Structures are given as C-alpha cells and as structure tokens.
Amino acid sequence: MENHLEHPAVALFRKLIAVPAPSSRESDLAAIVRFEIEKTGLVPESDAAGNIFVRLEGSDPHAPLTVIAAHMDEIGMAVKTINPDGTINVESLGGLHPWKIGERPVTLLGDNYPITAILSAGAGHGADSSKPVSWTDFKLITGLNLQQLTDAGIRPGSPAVPVTTERGPFFLGSGSDPLVAAWTFDDRMGVVALLRLLKDIKENNLKPLSPTIIAFTVQEELGGHGIKTLSVKEKPQSIIAVDGCPMPSYAGLALDGKPGIWTRDRLAIYDPRLLAAFENSAKLCRTELQQASFTSTASDASMACSIGAAALCATIGHVRENSHGYEIARLSVFDNVLKVLVNFVQTWRGV
C-alpha cells in the first residue's frame with residue numbers, strides 16, 4: 001500500500017495545516033513559509049501588512065509585471081462577548097457556517113497564549129430540530145474564569161480554529177490516486193502549490209517570461225487586505241490567485257484530477273486571454289481545465305481587480321468538494337495544478 005503521506009504536496013500541507021492561521025493571525029504560518037522559501041535559496045520579502053513574497057526576474061524584462069498569489073489565512077470564528085461565567089459567544093470569521101463545524105474542540109488564540117475550548121450547542125434533548133442553526137446557538141466552554149481568560153489575552157475579536165489533531169489529512173479509497181480530505185485546503189494547498197513552484201524554478205533553473213512576484217497573502221477571507229496592499233504598491237498588469245475551486249451543484253465539476261479555473265465570480269469576469277493561456281498550458285501538460293462560473297464567492301485576484309489594482313485577473317486551483325468544511329480533492333489534482341503553473345510562468349508575457 002502506498003504511503004500517500006510522503007507525497008510532496010501532502011507532506012508540506014501537513015506541516016502547514018498544523019499551524020493555526022485565522023485571518024489577522026498569520027504570522028506563525030508566515031514564518032514557516034519564509035523558512036521554506038529560504039530553503040530553496042531564494043530571498044523572501046515581506047511588507048507591513050504581513051504578506052510574504054518573492055520577486056523573480058523575467059526573461060523579457062520589458063514585459064508587464066504578473067503577481068501569482070495564494071492566501072495564508074483560514075476561516076474560523078471570533079469571540080463576540082465573554083460572559084460572567086467564563087463561557088464565550090462567538091461569530092463567524094471569514095465565512096464559516098456553524099453547521100459546517102459543529103460541536104468540536106477548538107484552539108482559541110489569545111494575545112498571550114492559546115487555550116483549548118469546546119464549541120458547544122447545549123442539550124440535544126428536547127431541542128427544536130426544525131430551527132435553522134445559527135451562531136447564537138453555540139458558545140465556547142473553556143473551564144476558565146474571567147481572570148484566567150484575561151491572563152491568556154482572550155478578548156472580543158480573539159479567533160478560534162479547529163484543533164490540529166482534527167484537521168487531517170485523511171485518505172479515502174485505495175490505489176495510487178485516492179481522494180484526500182482535510183479541514184479546509186483553503187488555502188494552504190494554494191500555498192503548497194506556490195512553494196513547490198518556487199522549488200521547481202530554483203532547482204531546474206527556470207525563468208518566468210515576464211517579471212513575476214510569487215505572493216503569500218494575508219486576510220483574503222476578510223476582503224483581500226493583503227493582496228490589495230501588495231498590488232496597489234507593485235502595480236501588476238495581471239494577478240492570478242491559486243485557490244480551490246468549489247463544487248456547487250450547478251457547476252458540473254468532478255473530482256477527477258483535472259484542475260479548475262474560474263470564469264467569473266461575484267466581483268469580476270475573468271480575463272479570456274488569461275483563461276486561454278492557462279488552457280494552452282494545461283494542454284501542453286497533458287491535462288485539461290474544468291471551467292466554473294461562480295456568483296457568491298471571490299478570490300484575491302478578483303478583489304484586487306475590483307479596486308482597479310490590476311487590469312487582468314484569473315483564479316486557478318484544485319477542485320474540491322465541501323468548501324469551507326472537510327474539503328475533499330483528488331490527490332493527482334495537486335500535481336496537475338503545479339504542472340500547469342510551471343508551464344504558465346514560462347509562457348505568459350502579459351498583453
């Protein structure tokens with residue numbers, strides 16, 4: 001039986017998913033990303049927002065700048081109020097629905113140190129099961145009093161995410177190309193793809209055609225603060241987000257190992273020239289892209305384009321079931337995303 005934990009994408013993903021990184025608290029993960037970049041021999045930069053990025057010279061230095069980005073932050077919950085008995089009311093942080101996470105242990109990140117709590121919905125006996133579930137039905141039970149919570153630095157706004165031991169990854173099925181599940185690939189697997197891209201570029205002495213910034217951004221889940229800050233300063237012509245491709249029932253997507261590419265979302269219609277360039281790269285890599293149109297989501301790329309910080313945008317990545325939950329993807333899709341990116345950076349010149 002194959003040891004899928006040794007797959008390069010899975011091995012790196014396990015390292016990254018073990019580190020809590022809710023929006024605005026990405027610094028611990030950013031330190032690991034910086035370390036992984038430095039291992040390749042490349043030199044990472046950072047900015048005041050918390051983004052980590054690498055500048056790559058283009059073989060055509062006169063071509064316009066391209067930014068390829070993956071966000072480091074994850075969805076979670078945040079403290080809304082702290083009650084006199086030490087229990088805590090919470091609300092969504094970055095689009096998490098309570099019915100996606102349910103009762104489970106979480107890591108609550110205080111300013112001074114983290115604590116463990118249980119996200120709790122109370123007694124099920126006699127509950128009205130017909131009522132829609134909302135965050136008001138849940139609270140965190142910590143076992144601590146107000147002073148102990150204060151000592152940990154727990155306050156309104158403190159974020160919480162599922163504990164590391166429950167995050168995965170888990171393998172479903174058998175054979176050489178199983179399904180892989182984890183508590184959100186979003187967007188650690190995009191980060192993995194770009195770290196692997198940088199490793200390939202360095203080890204194989206590759207060079208992008210256009211000057212390129214590979215960026216690892218913050219606070220995508222809260223409106224794209226990181227990519228907006230970076231793109232306003234750097235003024236790229238094109239921004240490509242590497243992120244997951246969710247599978248709503250209307251999209252017609254499949255977990256077959258083929259990457260997904262967005263054609264539109266709620267903020268942007270993606271550029272057909274970038275779409276064609278990615279389709280061509282996929283064909284040269286002997287794979288295909290699954291196209292999807294979304295109306296209720298957005299990406300780093302579309303958020304930057306929506307404020308006029310770039311002229312062209314695209315989003316590409318792994319197709320995933322159960323978005324913002326225990327997401328599931330085909331193992332082979334992670335290698336196929338990487339292959340397409342490696343070809344794309346060597347052939348995209350901009351317009």
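Predicted model: local features only at pLDDT ≥ 70, side-chain atom pairs only at ≥ 80, totals over all residues.
Reader: How is a pair of aromatic rings described?

Author: A pair of aromatic rings is described by the distance of the centres and the angle of the planes. Rings of Phe, Tyr and Trp (its six-membered ring) pair if their centres lie within 6.5 Å, and planes under 30 degrees apart count as stacked, over 60 as edge-to-face and the rest as tilted. The structure holds nine such pairs; one of them, Phe-13 with Phe-185, is tilted, at 5.2 Å centre to centre and 50° between the planes. Both Phe-13 and Phe-185 are buried, where buried means under 20% relative accessible area, exposed over 50% and partly exposed in between, with a 1.4 Å probe and protein chains only.

Reader: What kind of pair do Trp-183 and Tyr-326 form?

Author: Trp-183 and Tyr-326 form an edge-to-face pair, 5.4 Å centre to centre with 65° between the planes. Trp-183 is buried at a relative accessible area of 1%, whereas Tyr-326 is partly exposed at 24%.

Reader: In which order do the strands form the open sheet?

Author: Strands are DSSP runs (E, at least two residues), numbered from the N terminus, and two of them pair if DSSP finds at least two bridges between them. Eight strands form the open sheet in the order β1-β2-β12-β3-β13-β17-β15-β16, with mixed pairing.

Terms used
Residues numbered from 1 in each chain as written. Heavy atoms only, no water. Helix = DSSP H or I, 4+ residues; strand = E, 2+ residues; numbered from the N terminus.
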